[in-house]
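Dear colleague,

Please find below the structure that I am handing over to you.

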Amino acid sequence: MVENIFFKVLPAGEGKTRWLVEKAFKEVSNGNRVVFLSSDYAEYEKFVLYYRTLFAMYCPVAHVEDTSAVLNDSVVLVDNLIKKMHDKAINLAELKEKSKAIFVTVEGKPID
């Protein structure tokens, strides 16, 4: 079971997606397989565009539509976890079993 789950909680427009992009770049640079988990392809395209804009290079992060498509030992990126859990698009227990690390954003106010 993965112990490496990292959260970024910020209000809308405060840098959550940028944080995910930076984590993706670091993990790819370390030789890890990185996937962006979302059933919404437009959300993935937005992520890829942000990656290309920030780093001026091809985005090697793969898109997976559901938890069952995540390969073992992948680093998983999830933008707006609460919405996806509410929509039942993510099985977090299954994801924790097969992931090397999970980076998650949540829209909200950070706790001091």
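This is a predicted model: local features need pLDDT of at least 70, side-chain atom pairs count only at pLDDT 80 or more; totals for chains, interfaces and linings use all residues.

Residues are numbered from 1 along each chain as its sequence is written, and side-chain values use heavy atoms, with hydrogens and water left out.

Strand 4 and V75

Helices (H or I, at least four residues) and strands (E, at least two) are DSSP runs, numbered from the N terminus. Strand 4 covers residues 74–78 and contains V75. Five of the five residues of strand 4 are buried, where buried means under 20% relative accessible area, exposed over 50%, and partly exposed in between (1.4 Å probe, protein chains only). In a regular strand the side chains alternate between the two faces of the sheet. Here both faces are covered, with S74, V76 and V78 buried on one side and V75 and L77 on the other.

Strand 4 pairs in the parallel sense with strand 2 over three bridges and, also in the parallel sense, with strand 5 over five bridges; two strands pair if DSSP finds at least two bridges between them. Leaving aside residues up to four places away in sequence, V75 touches E27, N32, R33, V34, V35, K100, A101 and F103, a contact being heavy atoms within 4.5 Å. V75 and S99 lie 24 residues apart in sequence, yet their C-alpha atoms are 5.9 Å apart.

The nonpolar cores

A nonpolar core is a set of buried Ala, Val, Leu, Ile, Met, Phe, Trp, Tyr and Cys residues joined through side-chain atoms within 4.5 Å. The largest core has 16 residues, of which L20, A24, F36, F47, V61, L77 and F103 touch the most other members. Helix 1 (16–29), strand 2 (34–37), helix 2 (41–55), strand 4 and strand 5 (99–107) each supply at least two residues of this core. A second, separate core of twelve residues includes V78, I90, I102 and V104.

Helix 1

The buried residues in helix 1 are K16, T17, W19, L20, V21, A24 and E27. Among the elements that cover them are strand 1 (5–10), strand 2, helix 2, strand 4 and strand 5. After helix 1 comes G31, whose phi is positive, near 85 degrees.

Salt bridges

How many salt bridges does the structure hold? There are two, a salt bridge being a side-chain nitrogen of Lys or Arg within 4 Å of a carboxyl oxygen of Asp or Glu.

In one, E22 pairs with R18, and the closest N and O atoms are 3.0 Å apart. E22 and R18 are four residues apart in helix 1, so about one helical turn separates them. E22 counts as partly exposed at 34% relative accessibility, and R18 counts as partly exposed at 36%.

In the other, K98 pairs with E94, and the closest N and O atoms are 3.8 Å apart. K98 and E94 are four residues apart in helix 4 (residues 92–98), so they too are separated by about one helical turn. K98 is buried, with a relative accessible area of 13%, whereas E94 counts as partly exposed at 30%.

Yours sincerely
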